[in-house]
Amino acid sequence: MKLTLQNIKSIKQKTTSLLTKRVCNYVIENWTSYDNKKAMFTDVLNYGCQSGIVSDLIYYSDTVKFYNKYKDEINELLYCISADCGIFDLSQLFGDNWDKEDPLANETSNQNLLAWFGFEETLRNIGMQFEELQDCI
């Protein structure tokens with residue numbers, strides 16, 4: 001499939017996932033800001049939400065709200081990635097940023113990481129549907 005605004009809107013319309021709809025909204029809202037549409041995906045996936053590129057996910061108040069809203073879908077993504085990689089110790093997935101004393105992500109720091117993870121993985125999953133992005137994400 002070609003990377004077009006219409007195809008992004010179609011993905012948003014067809015999905016039942018609220019997280020996918022939210023990430024599609026990010027792409028739709030930022031579409032005109034990018035001459036190179038691939039960069040909208042690769043910038044986030046190369047530098048991560050931690051870089052501040054996703055302006056709605058900079059502050060803890062925003063990332064915690066995002067995590068709580070999409071918690072079930074983020075946890076499902078996390079489980080699938082963990083199972084695929086055979087890694088169930090989240091500190092192996094997130095490195096030193098993961099607070100091992102908060103394994104259930106009840107605290108802000110781990111919720112922040114999981115919000116970024118959920119956004120980035122969902123963006124990656126959307127991007128993988130487009131021919132132009134399959135070689136770079």
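## Salt bridges in a predicted model

The structure holds 3 salt bridges. Keep in mind as you look around that this is a predicted model. Side chains of opposite charge can pair when their charged atoms come close. Let's visit each pair in turn.

**Lysine 2 and glutamate 131**
- Lysine 2 and glutamate 131 join their side chains in a salt bridge, with 3.4 Å from N to O.
- This pair links distant parts of the chain, as the two residues are 129 residues apart.
- Look for lysine 2 in the segment before helix H1 (5–14), and for glutamate 131 in the segment after helix H6 (108–127).

**Arginine 22 and aspartate 56**
- A salt bridge also forms between arginine 22 and aspartate 56, whose closest N and O atoms are 3.1 Å apart.
- Arginine 22 sits in helix H2 (residues 18–30), while aspartate 56 is in the loop between helix H3 (37–47) and helix H4 (60–85), so the pair ties together parts that are 34 residues apart in sequence.
- Arginine 22 counts as buried at 15% relative accessibility, whereas aspartate 56, with a relative accessible area of 40%, is partly exposed.

**Arginine 124 and glutamate 121**
- The side chains of arginine 124 and glutamate 121 form a salt bridge, at 3.2 Å from N to O.
- Both residues belong to helix H6, where arginine 124 and glutamate 121 are 3 residues apart, about one turn of the helix.
- Glutamate 121 counts as buried, with 13% relative accessibility, and arginine 124 counts as partly exposed, with 25%.

Definitions and conventions
Residues numbered from 1 in each chain as written. Predicted model: local features only at pLDDT ≥ 70, side-chain atom pairs only at ≥ 80, totals over all residues. Heavy atoms only, no water. Salt bridge = Lys/Arg side-chain N within 4 Å of Asp/Glu carboxyl O. Helix = DSSP H or I, 4+ residues; strand = E, 2+ residues; numbered from the N terminus. Buried < 20%, exposed > 50% of the residue type's maximum accessible area, 1.4 Å probe, protein only.
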